[in-house]
Amino acid sequence: MNEPVRIPSAVLETPYRTAPFQELLHSIMERQVPPQDRYEIAAVLESMGWNDRRVRSEFGVNDVFELAGLLWGAVQGTIEYTFYSKVEVPGALQTIRELTRAFIRGAIFALPMAISVFSMLTLKFSLWSFENLSVELATSIAIGTILSFMTVGGFTQAIARRGFFYIIQNQFTLARKTTFLFIRIGFIVSFAVSAFILLTDMVFTLFPYRMLFYIVAYYILLNSIWLAVTAMYILKRELTFTGLIILGIAVVYVLYELLDMDIIAAQLISISMVSILSGILVRSFFKYDERKANNRTATKLPRMSIMIYSSMHYFYYGFLYFTFLYIDRIMAWSTNSVYMPYVIWFRGEYELGLDFALLMLVLPMGFCEVSVHWMMKDLEAGQKMYLGSQIGRMNNKYLFLYFRTQGMHILNAAISGVVIYYAAFYIDHLNAVRTGKSFLASEVTQFVLLWAIVAYAVMSVFLMNAVIMFALSQPYKMNRALIPGLIVNLVAGFLLSRWVGYHYAVFGLLAGSLVTAVLSTVQITKILKKLDYYLYAAS
Amino acid sequence: MLVSFMYLLKLTLSYFLLFYFLPALVLPAHQEYRGTLDRWVMAMIHSHFFIILIVHLLALSKLYETLSLYGAAGIAFVLLAARNIRTGAVPLGTRQLLALLDLTDNRVELQNKLMMKLAALKDRGMDALKRSIREFARSPVAWTGIVLCFLISAAIRFRHSIEYSYYAASDPYVHLKWAKAMGGNQLYIDGVYPYGFEAVIAALNKFYLLDPYYIVRFTGPLAGVLVLLMFFYVLRRSFPRDAVFILVAMGVLTASSWLFAGFIWRQMSSLSMEYGMVFFFPGIYFLVQYFRKGHSAALLLAVECMVLTLLIHAYVAVCTGAAYIIVFLLHADQAVRPLKRLLKLSVIFLTAGMVGLMPLALGLISGIEFYESSINYVIDSVNLGAGNQRSWSQLWSYYSEIPFFLVFLLSAGVLGLLTIAKLLFRKGAFRTEGLWRRNAVFLLLGGLFFCLYQASTLGLPVFVPGDRMEFFFLAFAAIIVALALSQLFAFIRWKLVSGSVKLAATCLIVAFFFSSSSSGFALPVGDRYQYEEAAQTYLEIRSKYPHQEWTIISPIEEYPIVLGYGWHTNLWEFVKGISERTGEEIRFPTNYVFLMVEKVPLGMDREVTEADAAEPFPTIEGSRLDDYYRFREKRLVIQAKAYYWAEEYRKTHSYMKVFRDSPNMRVYLITQDGSNPYNLLN
């Protein structure tokens with residue numbers, strides 16, 4: 001508690017209004033924003049060359065401390081004055097532009113995935129999948145892919161968090177340094193994991209060497225792609241990456257279809273090319289943005305421990321989320337109805353259902369980006385419209401806004417799910433007419449498609465909650481909701497796939513999503529009920 | 001050979017990691033049992049107890065697989081580790097995080113800490129080495145002899161599995177099939193049977209994804225060496241300062257490898273009974289320790305050993321039970337005083353018995369019958385009517401002609417007399433420290449297993465086949481000979497002289513063992529149920545061709561080996577199909593089809609002929625389908641038909657090629673599109 005300011009009545013009015021007083025106040029605020037108390041102001045005054053005699057002659061006060069007291073009062077008054085302000089309402093055009101950009105940004109993230117699925121349907125291959133792979137090869141690629149997501153998932157989140165943090169402040173040099181630091185660590189971890197797998201396999205032969213080569217090759221190359229995607233995402237160059245994916249598929253087409261190369265070799269060459277190109281582009285984009293920003297102030301990163309501590313919850317989230325996303329596949333593919341030679345044995349029927357279902361997230365994610373952008377924008381401006389006594393009203397308003405947004409989001413997800421479900425059957429019908437082959441012929445695929453759509457719809461609820469919590473800098477609360485969900489996903493998926501049928505692992509995904517959605521909603525409700533506190537904490 | 005060695009090393013490393021190194025990290029150590037050997041034995045018992053039970057539980061609940069095994073082992077590991085970690089005001093997770101954050105800012109500190117850890121590790125290693133050297137220097141001759149005995153014993157047991165790819169007995173093929181079935185959550189595939197051994201194989205397979213074929217190939221001899229190590233442990237703990245005594249016992253046991261080939265033949269192969277023996281000696285030791293010192297840790301270990309033998313093999317369980325009863329009887333004064341202790345022991349052992357018999361009981365309750373071959377064998381082996389009754393003089397003349405028995409009987413007699421004499425005429429340490437009990441335990445156990453082993457010769461009721469009791473008897477015989485020598489020459493106070501005399505006496509005894517034998521001294525040779533080439537072909541196919549995209553058509557022995565990695569069709573079925581041509585197509589929906597044909601049928605000394613192939617397809621009586629292969633004449637016809645069909649077929653079908661050829665057998669390969677396979681009748 002600060003000491004109350006004692007202002008002599010004689011001078012109470014006079015210096016407060018004078019131009020020199022306002023000038024002095026301005027120069028103090030420039031030097032020390034915001035001063036903590038009158039003693040700090042006194043110290044600043046003395047450092048500026050003010051002494052008792054001078055303040056007496058200039059402002060008619062007894063000493064520096066008295067002037068500091070007056071200035072402290074004025075500082076508080078200034079803050080109080082600016083606390084309550086009218087919000088500038090952006091124009092309709094600007095709003096539409098911003099929201100459209102946010103929607104595209106949200107939806108476009110799923111574009112590479114949509115292109116891959118489209119490529120599979122038309123060309124029978126994509127950048128890292130092929131319709132006629134042997135089960136052994138498909139298993140290798142699946143393991144490499146899942147492992148890559150689980151390994152770099154944390155790094156991508158950390159890059160996104162720290163990268164955005166600096167980019168928002170126009171500190172592109174620091175953003176570049178942070179991004180490349182995490183990419184470097186990501187690669188070190190990837191190589192360490194690869195070395196561990198290779199060494200373990202040398203001793204225990206978990207997989208034959210022919211499989212191991214593909215696991216490690218896909219694992220490392222896909223890791224580099226995911227890291228590059230993240231860098232492009234924070235630099236808002238998602239379309240470039242989509243273009244790279246198309247280019248990669250084109251290269252596979254040339255090598256495999258025209259030059260008759262082995263599909264795996266073609267894919268590996270193409271993925272390597274995309275990775276290298278992505279790396280070069282990311283570096284160029286950063287340099288370009290740095291030059292454009294022309295900000296040369298801070299170029300040194302904070303201590304490593306601070307970097308780790310400030311991004312570790314995001315890192316956990318990334319790891320947990322990607323584990324959550326793939327754990328049902330692991331459960332399904334590891335079900336051994338008969339004796340199995342490996343832990344995981346790829347089942348295409350299950351994967352196909354999930355791949356189609358995943359498309360249903362495109363629209364809700366776009367909507368999520370828009371609604372959260374809107375909500376945060378509103379919050380940023382709207383919080384200034386409330387007095388201290390109106391905190392309850394403010395919190396209730398945003399709680400209501402959240403539930404309204406979430407309701408619309410659920411509706412959107414449900415519509416998207418229905419559309420994708422029927423679209424999948426329609427596309428399958430067209431494909432069957434054209435090629436005589438049906439992707440959805442298997443009952444397992446149909447079953448997984450249906451329930452995965454429901455699961456992803458529920459998942460989109462907690463993804464929205466995650467975005468909101470991240471915006472309020474509360475990632476650990478999201479992790480608290482995600483961990484039980486992950487456990488439920490794992491346990492339910494494991495038991496159902498073993499006791500009922502391997503494809504029932506999809507219910508694990510659904511159950512886990514439900515748990516996480518409910519828990520994250522509870523967390524977000526708690527946050528919004530104390531929004532004032534969390535806004536203060538986030539600042 | 002080199003590849004075999006590599007796989008043996010791999011299996012040994014995997015085995016010790018699962019059953020020793022990992023559990024030893026977290027298992028609490030009793031003050032009395034802190035030595036390296038103690039920790040190894042305790043880890044072996046506890047980890048086997050845990051692994052076998054958890055595999056059974058998971059398989060019964062249809063949840064057994066790599067993930068659930070990792071999960072269960074991980075939870076157990078963490079729970080045990082948590083007991084060892086002291087908790088403070090700051091939670092462990094936070095402490096670790098802070099340490100990590102500190103280290104990221106101070107890499108020098110990280111290096112220093114790593115160097116300190118390495119230095120501490122080095123110091124511990126050096127201390128252990130120094131201790132070992134000091135111990136060795138105390139009795140260099142004895143220790144050299146002990147090590148030699150181990151090396152010779154290991155070489156004898158491992159020779160077959162390293163030299164040959166096929167198993168040395170028929171049972172390993174069955175254990176392989178059962179272990180793989182367990183891996184697929186099928187517990188009672190051929191009926192009710194103790195599946196503890198299969199649980200160990202299945203655990204090694206699931207934990208490391210090692211091919212069970214290799215596990216079964218090497219686990220038998222490995223178990224043989226483990227039994228010897230346990231035997232050594234019991235001797236070392238019972239006579240900690242007498243390396244010469246251990247050498248004498250080990251020497252007698254090693255020498256008996258040439259005299260009693262039966263137990264060596266058994267220990268060359270993966271057999272559940274031999275595996276169960278690993279826990280026989282420590283069980284007895286820990287029960288004695290419990291009565292001597294009252295450590296509950298020792299009682300727990302003894303009980304676990306009892307349960308393990310019940311879970312692994314009925315005969316070992318019977319032997320362990322009988323041995324425990326003798327130990328009880330010899331410690332009756334301690335067992336019943338106070339009466340509460342007797343009650344406690346009764347409850348504990350009854351509970352242990354229930355746990356050990358639970359898998360069998362659950363199987364029977366489910367309406368599944370005992371494994372037919374096994375139960376028939378057990379029933380057929382029992383002979384309550386007793387064998388030929390012989391007079392004492394007849395028995396003496398019989399046993400006195402066999403040097404080993406003679407030495408054993410004389411040693412037992414001398415030791416018995418010495419024990420009684422010391423008990424009667426000497427007061428003090430011998431009586432109060434219970435040394436007479438130790439002698440009596442070994443004497444009575446030696447007597448018991450001699451009677452069980454020689455039941456039919458002695459005219460006693462036969463409960464267990466004699467050959468199964470051979471190793472039990474030999475082990476106690478070795479101890480009794482060593483004890484008799486040790487106590488006979490105990491009057492010599494000068495250690496060097498005493499040791500030299502004992503060693504010289506041992507050399508004479510061993511020489512006497514080999515002085516006469518009616519059946520010679522050759523080490524046993526393993527049986528053969530498939531050609532070496534057949535096993536080698538499987539290994540080549542498995543390493544070169546994608547899993548589950550190939551089919552092998554061959555006799556039944558390859559079936560359990562192939563299971564899970566590829567597909568298998570019985571040769572007789574295939575031959576019947578191509579011979580009888582009932583109109584049904586013969587297609588194999590895999591990209592590669594291998595047909596294994598014996599040019600010289602196994603067990604015969606001539607090649608198949610066209611005349612053999614012209615014979616009608618053989619018929620069998622009863623339900624045993626392996627009769628098609630067991631009976632030579634049937635095997636001959638089947639192989640001949642397959643051979644001449646294949647030779648004819650490949651002349652007109654270019655997709656069928658010779659994959660492997662040897663004087664004994666020829667393997668054909670059909671390469672096709674598995675989704676659109678050829679009809680082999682066209």
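Which residue forms a salt bridge with A:K437, and how far apart are the closest N and O atoms? The partner is A:E131, with the closest N and O atoms 3.6 Å apart. A salt bridge here is a side-chain nitrogen of Lys or Arg within 4 Å of a carboxyl oxygen of Asp or Glu. A:K437 sits in the loop between α16 (391-435) and α17 (443-471) of chain A, and A:E131 in the loop between α7 (111-123) and α8 of chain A, so the pair ties together parts that are 306 residues apart in sequence. Helices are DSSP runs (H or I, at least four residues), numbered from the N terminus.

Before going on, please keep in mind that this is a predicted model, in which local features need pLDDT of at least 70, side-chain atom pairs count only at pLDDT 80 or more, and totals for chains, interfaces and linings use all residues. Residues are numbered from 1 along each chain as its sequence is written, chains are lettered from A and ligands numbered from 1 in the order in which they are written, and side-chain values use heavy atoms, leaving out hydrogens and water.

Over all chains, the structure holds 28 salt bridges. Two of them are set out here.

| Salt bridge | N to O distance |
|---|---|
| A:K437 and A:E131 | 3.6 Å |
| A:R498 and B:E65 | 2.2 Å |

Now to the place where the chains meet. Contact (heavy atoms within 4.5 Å) involves 31 residues from chain A and 37 residues from chain B. The buried area is about 2,800 Å², with 61% given by carbon and sulfur atoms; this is the accessible area (1.4 Å probe) that two parts lose on being put together, summed over both. Across this interface the rule finds 1 salt bridge. On chain A's side, α8 (135-168), α9 (172-204), α13 (304-333) and α18 (475-499) each supply at least two residues. Of these, α13(A) gives the most, with 7 residues. By class, that side has 21 nonpolar residues (Ala, Val, Leu, Ile, Met, Phe, Trp, Tyr, Cys and Pro), 4 charged (Asp, Glu, Lys and Arg) and 6 polar (the others, Gly among them).
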